Amino acid sequence: MAEDYRIREQRPHTYADGCGKSKNLECQFRDKKMEVMDRTFSQGLQCQEINSIGALLSLEDSVFIVHSPQGCVGCSVTSVDRYRVGQAHRGAKIYRSPRMIVTNLDQNDIIMGGEKKLKEAITLANERYSPKVIFIFASCASGIIADDIDGVATQMQRDMKAVIVPIHCEGFKSKICASGFDAVFRAISKYMLGTENIPKEEGLINLFAPTTTSYKDQVEMERMLNLLGLKANYVPFFSSLEKMRKVKAAQASTSICKVFADEFMLELDNKYGIPFSHTVMPIGLRNTDEWFLGIARAAGKEKEAKAIIKKEHKRIGPEVEQIRKRLEGKRVFICGGTGRSFAAAVLIEDFGMKLVGLETPVYDQDAQDDIEYLNKLHGDFIVDIANMQPFEQVNIVKRLKPDLFIGVPHWSARFGIPTTHVLEGKRPTMGYDGILYLGYKIADQMENAGFNRKLSKYARLPYKESWYQEDPFKYIKKV
Amino acid sequence: MPQILESPRGSCVLGGINAALAAVGRLCPIVHAGPGCCMQITAGEVLQSGGKIPYFLSGVSIPSSNMLEREVIFGGEQKLRDEIQGCLDIIDADAFFILNGCVPAIIGDDIKNVAEDFRKKGFPVYAIETPGFAGDSVLGYESAFKAFTDYLVKPSTVKQKNLVNLMGIFPYHEPFWEGNIQELTRILQELGLEVNSFFGYGQSIKNIQRSGEAALNIIVSPHLLKGTEKVYKEKFDVPSLRFSGVPIGATDTSNFVRKVGEALNLDKNLVEKVITANEKYVYYFYEQAIGKLSWKRFAVVGEANNVIGLTRFLANDYSFTPVITIVTDTLYQQEDKEQIKKEISRLEYIKPPEIIFEGDYYKVTQELKKHDITLLLGSDNEMEIAMEKGIQFLHTTFPVTERLVFNRCIAGYKGSLTLIEDLYDNL
């Protein structure tokens, strides 16, 4: 096992299970009175391996070896799709598939160990594609049988030009899937940055982008940075080994998602003196301002940024006002990943809507900062600290009867309430242009809920009627 | 033994079981595994079958024990018991099946014993012990059928002579499974038969339970469900008729209808009447599209169940030229390979295509590179090589994420019409 293994649960005051009213949670966290809880009944989670593979699958000239049984590459389909669509949006004539090899650990390997198969896979990867990078992703199975993927990588590296990068993302190690991002960045740091010194590039900004960023979003972020006279080094989504190596040359760093590259940016600051901005996801007017100001400050361009913000507000302000008239006062429930759900909660206030409930996968210091802000914006609301857990959500949503549900729509749509999503990895949702896209989308979908209304007459949810009478949080117990 | 595979087609054992349960509906999987398996097995199988999301439980709504380091060290049986109790409390299902992930299987949790404890208390909780790492999703489907015959099917000495079980089309593992089942059911109903298909619209646990009353299993696959076939014969006294893959187009479908007629000793006049009526219907349309599709030299890549029918239909009935057929199933038995080869090669007018058995993405791509073709029927995996070659491509076999498929079918009489519609190109 890698000596530097660290998961999100090991960060101070980080909680993956819990519930309560937002103002109460704010106090509890501040007073360090939050307790570690667990669910005695739960639904499926996202494992960290899903995040690790997703974060890297679009990297050029790479082969991705998943050291696991066949099932552990299931979720890569989402990233493969985003990679293909991303190429289409970038004007490619031929859509490449990521080169992904699964070692297919089986009964024999479980007993005898799977390192031989892993070596074979590395050799195959090299013969077939002569890649620049070969990634190795660990799995629950490879972890429990204690295959030494680091040792295999070191050994194979001796005779190979491709950089071999083992990633410790064993699913059972963490229930917070963002740990998988951290594992990726630790591996990047260790194996991909190179040891040589490279000259600083004035105005170059590391823009850390997760796989859920659309091409339009990339263009908007780059446009905003260009307005400040800055240039983005867009990594690791749709990037390359060369771009990863360039990370060290940057003047400053920022991330599109709050839970993405946060530790890594700190490390870059400590090791290479690259300042960074860790703020919010640039979704919605205020969040975009804050995100933009954050990176401007880190790059010493605060004054310029303020002037640009003024201009941008003037540009889109009137349209936001029009959207606000259509949405003012509507009550909203939000579910999503940490970055998006908190960002959406601020976005809806741009349009005068009110938050009544929020699901967030993790409660930590970052979440506390957001909750403090949201309490000021919205007053008290219900918080479900959960990685999805739709059984709790349907119970809460049925009680709260919100005017709109923002997030994964599959279950709440069946109640007939309007649903929409801010997580659209193929559409423009970020920056100043994104606000208008989301605003019109939310307003149109909210006003025209015919599909959900008619669907609700026939749609079925898998829960007993009695469940809706129970406390939605009854399975959350103190450990 | 499972081999190293590039871009595998389908999930692990758990993916196959989960897909089978989802297609029946109201059957609750309880995934005893690490966190992430619910999403992985859903995304790796059902979500790659034309984009649909099963209505009952899928992905993050599937109950799971989400085993962590603590369970790896101390065992996960207590966590599983709590999880099952929660399921019984809140999920409105007809039966509950524990799926055995890699983590509990390696550390040795006794899920069978846990299930038995709940059954003793009168709850329909069953364990499917085949672990995730035992093989691919196809083995999962087979394991689901084993669980059905072990726990659900009721033995019956009285047989209903008009009741048949339609098997061999694995839900979700074939993008057009639901439409194909509906089309074959429609045809069998015209013969006066009642059909248990287990999967899809209008089917439920009841159809599985009463499958022991059937007069015949009709298995539309050259190699799947051999164990199930044996169990039905020995335990439930239901014989099986095996048809080599899903029949597509008039020739193979009429042959299929005649075989069913013979096996059940149906009135020959009725059988011929059904065949004539359906063939007339198909040719009524073909007649209106003479010369509408340009001549094609084609390749087919996918699972045996579909590529046999596709190759035969396009070559025999539509006069396209078969160049290469790649069978992607993981096949361990030489006799299965020979049988499949025989079926593809048995063409009426034209010389058979080259036949290859290969599922690895890279090797399949290399094979396709060698051939001069103008049409490729395949899966997401073959999209890139089709674009590189600049030829016509149709998403036909698993996995398919590039099109949404509800009840569209390619099987039987009507399906062949849809397929030709899809193959029309004005380039």
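Trainee: Which residues of α16(A) are buried?

Mentor: In this predicted model, a residue counts as buried if 20 or more other C-beta atoms lie within 10 Å of its own. 8 of the 11 residues of α16(A) are buried, so this helix is largely enclosed by the rest of the structure. The buried residues are Pro390(A), Phe391(A), Glu392(A), Gln393(A), Val394(A), Asn395(A), Ile396(A) and Val397(A).

Trainee: Against which elements do the buried residues of α16(A) pack?

Mentor: In chain A, the partners are the strands β11 (331–335), β12 (354–360), β13 (382–385) and β14 (404–406). Chain B also takes part in this packing, through α4 (77–90) of chain B.

Trainee: Which element gives the most residues to the side of chain A that touches chain B?

Mentor: The contact between the chains involves 58 residues of chain A and 59 residues of chain B. With 5 residues, the element that gives the most is α5(A).

Trainee: How do the residues of the side of chain A that touches chain B divide by class?

Mentor: That side of chain A consists of 58 residues in contact with chain B. They divide into 12 charged, 16 polar and 30 nonpolar.

Trainee: In β1(B), which residue is the bridge partner of Ile101(A)?

Mentor: Strand β4(A) is joined by 2 bridges to strand β1 (residues 5–6) of chain B, and the two run antiparallel. Within β1(B), Ile101(A) has as its bridge partner Glu6(B).

Trainee: Which residues touch the most other members of the largest nonpolar core?

Mentor: The largest nonpolar core has 285 residues. Helix α1 (residues 13–24) of chain B gives the most to this core, with 9 residues. Beyond four places in sequence, the contacts of Ile65(A) include Ile101(A), Ala121(A), Phe135(A) and Ile136(A). The residues that touch the most other members are Ile65(A), Ile136(A) and Phe97(B).

Trainee: How do α12(B) and α17(B) lie relative to each other?

Mentor: Helix α12 (residues 268–286) and helix α17 (residues 412–423) of chain B have axes 9 Å apart and pack at an angle of about 10°. Angles under 35 degrees count as roughly parallel. The arrangement of α12(B) and α17(B) is therefore roughly parallel.

How values were computed: Residues numbered from 1 in each chain as written. Chains lettered and ligands numbered in written order. Predicted model: local features only at pLDDT ≥ 70, side-chain atom pairs only at ≥ 80, totals over all residues. Core = buried A, V, L, I, M, F, W, Y, C linked by C-beta atoms within 7 Å. Buried ≥ 20, exposed ≤ 12 C-beta atoms within 10 Å, placed from the backbone. Helix = DSSP H or I, 4+ residues; strand = E, 2+ residues; numbered from the N terminus. Contact = placed C-beta atoms within 7 Å. Nonpolar A, V, L, I, M, F, W, Y, C, P; charged D, E, K, R; others polar. Pairing = 2+ DSSP bridges. Axes fitted to C-alpha atoms, helices over the stretch in contact; angles between N-to-C directions. Parallel < 35°, antiparallel > 145°, perpendicular 65-115°, else oblique.
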